[in-house]
Amino acid sequence: MTPEQQQIRDLAREFAENELRPHAEAWDREGELPRDVVAKLGELGFLGMLIPEEHDGLGLDTTSYLIALEEIARGDASVAVAMSVHNSLPTQMILAHGTGAQKERWLRPMARGELLGAFSLSEPDSGSDAASMAAQARKVDGGWVLNGAKAWVTNGGFGDVTVTMVRTDTPDDRRGAKGIGAFIVPTDAEGYIVGKKEDKMGQRASETVGVAFREMFVPDDQLLGEPGQGFIYALQGLNGGRLGIGALAIGIAQAALEHSLAYAAERKQFGTAIRDFQGMQFKLANMATRIEAARALLHRAGEAKETGEKAVQLASMAKLFASETAMYVTTEAVQVFGGYGYMKEYPVERLFRDAKVTEIYEGTSEIQRTVIARELYR
Ligand SMILES: Cc1cc2nc3c(=O)[nH]c(=O)nc-3n(C[C@H](O)[C@H](O)[C@H](O)COP(=O)(O)OP(=O)(O)OC[C@H]3O[C@@H](n4cnc5c(N)ncnc54)[C@H](O)[C@@H]3O)c2cc1C
């Protein structure tokens, strides 16, 4: 780590230790995240990490961002996913494809943390096969009218602005993945209807909602780039998003390891601390080794994002390996805690639940393997 990266890690760690970890259990129970947590993330610059300084961001490199995100996830995975979606997807898509005016209007306040971003691709009937979406935009004078339904939008009501993918082709001229546009939609737009908040297994404080569009007018100046390119922009965004989810997964795993090390040193059976048993030592060693390997691969993928070389393949590998590591480590952590690990009173129970979704969102593990195999033959 460079001295600057160490400073960022320390800042994120201190914030997570003092302001997130002590509340994580209550936020999980209540299924709510206080809005002032997002404001604090913004004040510390954590919502503009990858946005250049000319747009009020910090203009940091990808690895610095991943280091900070891991620390935030070590404190609370629900806060980390809100931060990851905002930094990796809508802001990066506007930065890459937005006009000067769009960057001025949307990106600048997003970088300062005044507007929280969301990304809306999935629909009830199209998840992994997102290009088969049905939500439709109809061209009218001065803009587009959107109708349809989106599923599982992180920050979809809690956030302020979402980059939303909908069909821009017409029912009698379907163009598949090339018939989809990306629109910048504020969540208070007329016709933007926030549905029920999902009652989830883990990352419960992060808001996940269905959203419906009913005759929602979106002016031309809120279309991002070309009308048929939105799906390509979304996939490009997801390459960065997958790194964010990798960092988040490692943060969960690291927290589970730390709790396990402390518990194994404290808990006594057969007259000695359980850390003295080789069966426990092997578990702890495997957990720590997998975390180090996942982190090394993630940072390698972060560097590849900067250079472009094997960036897609490495992003999928890093997300796949980190999320499966989080699931492995948290499962072992529950085992180290024995019966107490199964109880909500102890943090490893929550970490185990928080880990699972990292294998599902922003491309399931099966989809990551499909991408990796495709890239190997490229
Ligand atoms: C908590 C949470 C937050 C989310 N946040 C967002 C968000 O902010 N924005 C957004 O757009 N989406 C979001 N999603 C949606 C998420 O990205 C999808 O759930 C995910 O892409 C999988 O889609 P699906 O659930 O429809 O599963 P499906 O695609 O129906 O898959 C079901 C199973 O089939 C497998 N499968 C599917 N296709 C293949 C294949 N070709 N080869 C092998 N196996 C396959 C899958 O891996 C999976 O195991 C979120 C989901 C969750 C749970």
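This is a predicted model: local features need pLDDT of at least 70, side-chain atom pairs count only at pLDDT 80 or more; totals for chains, interfaces and linings use all residues.
**Helix α7 and its partners**

Helix α7 covers residues 230-266 and helix α8 covers residues 278-307. Their axes come within 10 Å and cross at roughly 160°. An angle over 145° counts as roughly antiparallel, and α7 and α8 are therefore roughly antiparallel to each other. The crossing of these two helices is left-handed. On the α7 side, the contact includes Gly240, Leu243, Gly246, Ala247 and Ile250, while α8 contributes residues including Met280, Leu284, Met287, Ala288 and Ile291. Sorted by class, the contact of α7 with α8 has 15 nonpolar, five polar and two charged residues.

Helix α10 (residues 347-356) also packs against α7, at an angle of about 160° and with the axes 10 Å apart. This pair, too, is therefore roughly antiparallel, and α7 passes α10 in a left-handed crossing. The contact is built from Ala249, Ile252, Ala255, Ala256 and His259 of α7, facing Pro347, Val348, Leu351, Asp354 and Ala355 of α10. By class, there are eight nonpolar residues, one polar residue and one charged residue in the contact of α7 with α10.

With helix α9 (residues 311-336), α7 packs at an angle of about 25°, and the axes are 8 Å apart. That angle makes α7 roughly parallel to α9. The crossing of α7 and α9 is left-handed. In the contact of α7 with α9, 19 residues are nonpolar, eight are polar and two are charged.

| Helix pair | Crossing angle | Axis distance |
|---|---|---|
| α7 and α8 | roughly 160° | within 10 Å |
| α7 and α10 | about 160° | 10 Å |
| α7 and α9 | about 25° | 8 Å |

**The nonpolar core**

The largest nonpolar core has 117 residues. Helix α7 gives the most to this core, with 17 residues. Leu69, Ile72, Leu248, Ile252, Leu298 and Ala318 are the residues with the most contacts inside the core.

Not counting residues up to four places away in sequence, Leu248 touches Leu69, Ala73, Ala77, Ala80, Val81, Ser84 and Thr358.

**Thr358, a loop residue**

Thr358 sits in the loop between α10 and α11 (365-376). Is this threonine buried or exposed? Thr358 is buried, because 29 other C-beta atoms lie within 10 Å. Leaving aside neighbours within four places in sequence, Thr358 is in contact with Ile245, Leu248, Ala249, Ser323 and Ala326. Thr358 and Ile245 are 113 residues apart in sequence, yet 6.5 Å apart in space, C-alpha to C-alpha.

**Two positive phi angles**

Asp56 has a positive phi of about 75° although it is not a glycine. Asp56 lies in the loop between α2 (35-43) and α3 (62-75), and with 18 C-beta neighbours inside 10 Å it counts as partly exposed. Gln203, also not a glycine, has a positive phi near 45°. The place of Gln203 is in the loop between β6 (192-197) and β7 (208-219). With 28 C-beta neighbours inside 10 Å, Gln203 counts as buried.

Note on methods:
Residues are numbered from 1 along each chain as its sequence is written. Axes are lines fitted to C-alpha atoms, for helices over the stretch in contact, and angles run from 0 to 180 degrees between N-to-C directions. Helices (H or I, at least four residues) and strands (E, at least two) are DSSP runs, numbered from the N terminus. Angles under 35 degrees count as roughly parallel, over 145 as roughly antiparallel, 65 to 115 as roughly perpendicular and the rest as oblique. A crossing is left-handed if the near helix is turned anticlockwise from the far one by less than a right angle, and right-handed if clockwise. Two residues are in contact if their C-beta atoms, placed from the backbone, lie within 7 Å. Ala, Val, Leu, Ile, Met, Phe, Trp, Tyr, Cys and Pro count as nonpolar, Asp, Glu, Lys and Arg as charged, and the others, Gly among them, as polar. A nonpolar core is a set of buried Ala, Val, Leu, Ile, Met, Phe, Trp, Tyr and Cys residues joined through C-beta atoms within 7 Å. A residue is buried if 20 or more other C-beta atoms lie within 10 Å of its own, exposed if 12 or fewer, and partly exposed in between; C-beta atoms are placed from the backbone.
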